[in-house]
Amino acid sequence: MKITAGLLALAPFGAFAQDCPVEGDPAELEAEAVVEIYDCIEARMAEGYAANGGPVAAEFRSWQVTSTRPALAGPHGERFLQTFANDTAAEQYLTFAEDGFTMPAGSVLAKESFAVKEGKAVPGPLFIMTKLAAGGAPEAGGWLYAALMPDGTEMTIQQSFCAGCHLNWEARDSLAYPLEEVRRSSQ
Ligand code: HEC
């Protein structure tokens, strides 16, 4: 008995998870098809990130979701993306304002992702931005960037890599926002 339990614990993560098949070109999928794929894969994604043990990975799914469904966007590596905003961030973020604001310190945005490989959806990284107190990380627009692998392991990233692109949206405090057709406004 003991040996069997040990072997199960050693099995690679997700070995027993069901496949989430994707038919056709991911860029051509209808909204309902994307939702179906997400329904299939979302528990596996949440479980993987949560293995990190940190508060963001454990809690982000209870935050405000900012889109009506995950959407395929190029800049984060041809992945389907869905962003969640914590309580501090949600009110301002969900206005999707173009300028004239700074996000409150303590705002956290967590963006989960999945990709399609060989006809199957596979979990991608969780991307995280945290707004620091005034004066923090001026070269990165006041944000701390982080990312977790699908198994919850922290990725080694360069602040300058993330900020270098996000600063294209300097007037709106480095926020890129979800694609317009999936934005969910505040409720
Ligand atoms: C080449 C440009 C580019 C780079 C590099 C980049 N991002 Fe992004 N990021 C975007 C775009 C575009 C979006 C909006 C995509 C969407 O949700 O449709 C985005 C959205 C986000 C969001 C959701 C909040 C928002 O801006 O609306 C987080 C969190 C995030 N990125 C974190 C990161 C982290 C962490 C890194 C570095 C590991 C990084 N990004 C690197 C372009 C980039």
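Start by selecting β3 (79-85) and β4 (108-117), two antiparallel strands joined by six bridges. Helices and strands here are DSSP runs, H or I of at least four residues for helices and E of at least two for strands, numbered from the N terminus; two strands pair if DSSP finds at least two bridges between them. This is a predicted model, where local features need pLDDT of at least 70, side-chain atom pairs count only at pLDDT 80 or more, and totals for chains, interfaces and linings use all residues. Residues are numbered from 1 along each chain as its sequence is written, and side-chain values use heavy atoms, leaving out hydrogens and water.

Now click on Lys111 in β4, the bridge partner of Thr83. On β6, Phe127 stands opposite Lys111, and four bridges join β4 to β6 in an antiparallel arrangement.

Next, color β4 by burial: eight of its 10 residues are buried (under 20% relative accessible area, with a 1.4 Å probe and protein chains only), so the strand is largely enclosed by the rest of the structure.

Follow β4 onward to β5 (residues 120-123), its antiparallel partner over four bridges. Phe114 stands opposite Pro123 there. Between the two strands of this hairpin are two residues, and Glu118 takes a positive phi near 50°.

To finish, select α5 (159-166), which gives four residues, the largest share, to the shell around the ligand.

How values were computed: Buried means under 20% relative accessible area, exposed over 50%, partly exposed in between (1.4 Å probe, protein chains only).
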